[in-house]
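Dear colleague,

I am handing over the structure below, and would be glad if you could look through it alongside the notes that follow.

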Amino acid sequence: VSGLLDGIRVLELGDEPVLFAGRMLGELGADVVLVEPPGGHAARRRQPFLEAPPLNEAAQAGESLYQLHFNAGKRGILLDESTEEGAATLRRLVGGADILLLTGTREVLAERGLDYASLSAAHAGLVHVSVTPFGSDGPMREHRANDLVISAMSGLMCLNGMPEDPPNLPGAEQAYHMASLVAASSALIAIVGRQADPEGRGREVTVSAQEATSMATLQTANANHYTWHGAVPKRNGLGGHSGRNLFQCADGKWISFTIPVGQGPLWGNFVQWLDDAGVPHEFTEEWFDPAFRQPRQATVHEAIERLVGGLPRDEVFHDGQRRRLLTMPVNDVADLFEDEQLRARDFFKPLAHPDLGRSFEIPGPAYHFSAAEAGITRAAPRLGEHTREVLEEWLGATSEGVA
Amino acid sequence: VSERLPLEGVRVADFCWLIAGPATTRVLADFGADVIKIESASRVDNIRTTGVQPPGPGSINTNGVFNDTNTNKRSITLNLNTPRGIELAKQIVARSDIVTNNFTGDRMDRWGLGYEELRRVKPDIIMLTMPVMGTTGPYVRYGSYGNGVIGYAGMRTNMGFPGRPPVGIQPLYSDFSVPYFAVSALMAALYHRGRTGEGQFIDLAQMESAVGLLGTDVIEYSANGTVPQPLGNRSRDFVPHGAYPCRGDDRWCAIAVETEAEWRALCTALGRPALADDPRFATLEGRRAHEDELDAILGAWTAERDAWEVMNLLQAAGVMAGVVEDLEDMLTRDPHLRNAHFEEVSRGNEVTFMTHRQPARLDGVSPPLRVSPVMGEHNEEIYCGLLGLSADEYAQLVADEVIY
């Protein structure tokens, strides 16, 4: 089965913030080629590393799982952009690409001859995507940033954690993920626009990672809290978007428990649950009115503590959902592998390591299509693994000047 | 440079509500699609009533979060609990390219608006259903807000300080990350339809999309057999790495050092160049082994300074640093964000909203923003214009609470 983006060629030349964008486009069926410099992409030196001993000589001890995860589905070529021949080959590859994925400001890209103005003259159909931390124009365009610094400056980090702790950095590089999500989706918006355009013109797509990540604050710290009320939302620990959200169950595991916002049957379902479980409470008729409950939330929270404190987490989860109370477990990765919903949907996929003779599990695609299969179809490339193959396919000939 | 927005000519019959769905279709609307938001007074979109309201008597049309997830859309009211309402919904679908919804499980099927039914009225329709649990599996009827999705997907346990409650990432993170997966899926499907003429059904489980954001956690567990433990604000690749306290109440600056050159630059900026060669800190391994001491030295220096001053001093020295900005910083102190990213949109004299722009620029510009619609604002132009109902028919449907 061919992928939805069959025939779309992506040339990826960027740093870590666009790795996930390339992976997403590959999952959707595009031919994604990662261009690596001599010594390899920085991803190859990022932790975590493989701890299991290699099973044969070809496998590298201490191989980067970061590289294996983020470059899965891509082909890789080795190319030395600093040589004249390497730069010329790169330019010819760009000529064959539909999407070019880059990191860096316009100014920095122009120094490499990779800015949109330079490339689009000869290739009007190119969708040129570049990600920067803080944009190409603003006063902070030369500021350097990693995921932590972008998370901080996007307003996302200040919303995470217990009030008495420092603001918490999100796990697993969410600023890079947000930048990549916006980059990949916008690249495809431009591809659809190109398809509909009689002249087949591409676009320049620029993404500031700070702006992309700030989208994640849109509800919790909606800008109108400040412009209308002068309010500045901060991290609120166990709280959710409405009232306390996290509670610890009898087995020590945690449950996310949203008290129904609306009036009516859902509050009644909660009171019924307390009765069924034999948990004493004081919830008479007037408690059905949310306006009455609002100033008395602490009493409600104590009742939830008594209820879930006597039950194992999974029982709270399923019994709550059967009662339509939006209970959800707080899982770790080990829990996810046991999760019946993910198992039934066959979510985790094996990815064969080319040298180890074993497979690793990776997350499946975020979507199921009725007209195509989405997913990762090849392991991350060894350094330079596909140089010859890609040059032959894309340029129709072997090329000199490649490292 | 093209003058047209890229999605002009694409029509979306949008049954989404709450946040994750509307945030998806807002991207389509901002980039030029004609998104028709189909809602009803019989089940008012919860986000019209919860969130943030201006001072004074707010209404279902003045909610800040609703505006931020519904710009550039048209709104009609339609009561789907009437047979005539279902017929009209199908007439809109027949004139659309995409149908979207984020109802739990099989809600659209129970209305008679499932994919098999809709492809009869529009054979090449693209239908996206994006509930929390997807459209198959034993938990298909389970529901949740984003605060449950992030915990379910492992985004509460993979961060934070060791031994602290698993509060995780801010509660509605999935509502604003998952939409970009959904947009990507829809664009891939549109591209496919353009090449083959074939429409399709897309099943997107929000919690699966969120698990896809766990980075290396899954492969690490699978390959090394260990559940990755939260590191607080530290990193396995960078030392020092964290948020350091600055002058003032709850003020912090994030600092990250990766290379030897950055380490030396940091020590020089601190006015303590000799620290770079201190035997405890001279190597990356040493800095990692003495990270508590290093954090204490750095924190003592930052605590005497304003967070913006710390950022500027360190950036000037070539060290990665950034203020932990709160909303007030984003709108008043960040030298770039307010102008580059936020835009005010108004509905006459009734209300002015501060609104996020799309973070992507196409050919250097942000698409224009039109304020979110009043509920039912576009009833007449869509029912009488797009569907061609007569004035009498329209009036009767309003009287019968079908257009409602």
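To begin with one residue, Trp273(A) is buried at 1% relative accessibility, where buried means under 20% relative accessible area, exposed over 50% and partly exposed in between, with a 1.4 Å probe and protein chains only. Phe257(A) is likewise buried, its relative accessible area being 0%.

Please keep in mind that this is a predicted model, in which local features need pLDDT of at least 70 and side-chain atom pairs count only at pLDDT 80 or more, while totals for chains, interfaces and linings use all residues. Residues are numbered from 1 along each chain as its sequence is written, chains are lettered from A and ligands numbered from 1 in the order in which they are written, and side-chain values use heavy atoms, with hydrogens and water left out.

On aromatic pairs, rings of Phe, Tyr and Trp (its six-membered ring) pair if their centres lie within 6.5 Å, and planes under 30 degrees apart count as stacked, over 60 as edge-to-face and the rest as tilted. By this rule there are 26 aromatic pairs over all chains. Phe257(A) and Trp273(A) form a stacked pair, because their ring centres are 6.1 Å apart and their planes stand at 20 degrees. Phe257(A) lies in strand β8 (residues 254–257) of chain A and Trp273(A) in helix α10 (residues 265–276) of chain A, so the pair ties together parts that are 16 residues apart in sequence; helices (H or I, at least four residues) and strands (E, at least two) are DSSP runs, numbered from the N terminus. Ring pairs also link these two residues into a cluster whose members include Phe247(A), Trp267(A), Phe270(A) and Phe292(A).

Over the face of Phe292(A) lies Arg296(A), at 3.7 Å from the ring centre, the criterion being NZ of Lys or CZ of Arg within 6 Å of the ring centre and within 35 degrees of the ring normal. Arg46(A) lies over the face of Tyr66(A), at 4.4 Å from the ring centre.

In chain B, helix α10 (residues 217–224) is mostly covered, with 7 of its 8 residues buried, among them Asp217(B), Val218(B) and Ile219(B). The buried residues of α10(B) pack against α2 (65–70), α14 (333–338) and β11 (359–362) of chain A, together with α9 (206–211) of chain B, contact meaning heavy atoms within 4.5 Å. Just after α10(B), Gly225(B) takes a positive phi of about 75 degrees.

With best wishes
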